[in-house]
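Okay, everyone, thanks for coming. Let me put the structure up and then walk you through a few spots.

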Amino acid sequence: MSAIIEQAMQRAQAGTAGPAEPAAPQTIEPVAQSAPLSVRLLREDGADRARWDAFVQACPEATFFHRAGWQRVIEEAFGHRTWFLLAERDGQIEGVLPLAQIKSRLFGHSLIALPFCVYGGVAAGTGEARTALDTEALQLARSLNVGHLEYRNYAPAHPNDPAWLGKDLYVTFRKEISGDDEANMNAIPRKQRAMVRKGIKLGLTGEVDEHVDRFFTAYASSVHRLGTPVFSKKYFRLLKEEFCDDCEVRVIVQGEGTEKRLIAAVLSFFFRDEVLPYYGGGMPVARDVAGNDFMYWNLMQASAAKGYRLFDFGRSKRGTGAYDFKKNWGFVAQPLPYEYRLIVSQDLPDVNPLNPKYRLFIKLWQKLPLPLANALGPYIVKDLG
């Protein structure tokens, strides 16, 4: 058993999510080619987390979902154990791999990089670091006796290794935007552009909130109509607290003063030059006033004005309404080559609403009173990952 796994087991027995005694920050020195590469857990001290995030910011393979803050969010919002691994040489990080364990009677036992995130897997600057992190993750998966190890890659990581299996289920939608509103509007296909203009004509406007209350109201209403369990409000509060200005809550309203009414809302992430609308939803009236259509335009417009140049519409499953909606904006689907390494399981996981065995659950969930669905949802969704 590796030192990292032993350390993690000791942490779990001690009842804490982090190491007992954080090490002192190290001075970063130039990398010596002959220095050995080592893999260890991310420490809880601020300096170690800052070094991790600096590497993520600079590494081309890394995404917003590789940031160190996800460790706190996943542990505190869902209670899952995490292992944030980093490979370093002489104090300089060469690769990172954030992992979290989900152990559920309903949905199985897995080790994922990273649950609740659309991108993940190893982000490394060297092949040696990638191999070392892969090796450590496999050792950890076997020691935990999980069903499978999952990497949510944006690009293939093991294209020629038959031990890593894939699924053609998820795609992402990403597109460049410019600083010119007219150019961005004209890039939207005609029918979808008409829906955006409808929202504009009906007087919809966008507001940025520092809290998640109005967002949660719109989001919870929307997912309930879809038959999907809701995340807890605590989860969204943690996202806002942890990522601060890189996590925006944008609310769409109609009217002013006492006549103002909530139409829709979206929670977005910002990373480098990208904006990622991640969670969103609308009130029942949103369909009548093109609320969701206007919402994404309003976000695109505001983000472009701040200098962001890539709009990431996020992950969707093939054959869903979300997939069709994003295509209608002129975005081209890009396959997501997620990879799975079976450890104990004999089959690939199939936890998604398109699975026929979940359709009855969806229909029953839609019939629950909204307050009851909001109370029960977090206990179910925390294990979906």
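So, a question to start: does Arg152 count as buried or exposed? Keep in mind that this is a predicted model. The answer is buried, because its relative accessibility is 6%, and the cut-off for buried is under 20%. If you want to find Arg152 on the screen, look at the loop that runs between strand E6 (148-151) and strand E7 (165-166). Its side chain has a polar partner: the side chain of Glu150, at 2.9 Å. And here's a pairing across the sequence: Arg152 and Pro115 are 37 residues apart along the chain, yet their C-alpha atoms are separated by 8.7 Å.

Next up, Gln254, which sits in strand E10 (residues 247-254). This one counts as buried too, because its relative accessibility is 15%, again against a cut-off of under 20%. What does the side chain of Gln254 reach at 2.9 Å? That would be the backbone oxygen of Leu202. There's also a side-chain to side-chain polar contact with Arg261, at 2.8 Å. If you skip the neighbours within four places in sequence, the residues in contact with Gln254 include Leu202, Gly203 and Leu204, then Glu259, Lys260, Arg261 and Ile263, and also Val289.

Okay, helices. Now, which residues of H2 are buried? They are Asp48, Arg49, Arg51, Trp52, Phe55 and Val56. Looking down the axis of H2, those buried residues fall within an arc of 160°, so they line one face of the helix. As a reminder, an α-helix has 3.6 residues a turn, so residues three or four places apart point the same way. Over on the other side of H2, Gly46 and Ala58 are exposed.

Last stop is H3, residues 69-78. How many of its 10 residues are buried? It's 8, so this helix is mostly covered. Among the buried ones are Trp70, Val73, Ile74 and Phe78, along with Gln71 and Glu75. Then, just after H3, Gly79 takes a positive phi of about 75°.

That's my tour, happy to take questions.

Definitions and conventions. Residues are numbered from 1 along each chain as its sequence is written. This is a predicted model: local features need pLDDT of at least 70, side-chain atom pairs count only at pLDDT 80 or more; totals for chains, interfaces and linings use all residues. Side-chain values use heavy atoms; hydrogens and water are left out. Helices (H or I, at least four residues) and strands (E, at least two) are DSSP runs, numbered from the N terminus. Buried means under 20% relative accessible area, exposed over 50%, partly exposed in between (1.4 Å probe, protein chains only). A polar contact is a pair of N or O atoms within 3.5 Å; within protein, one must be able to donate a hydrogen and the other to accept it, and residues adjacent in sequence count only if both atoms are side-chain atoms. The arc is that of the directions from the helix axis to the C-beta atoms. Contact means heavy atoms within 4.5 Å.
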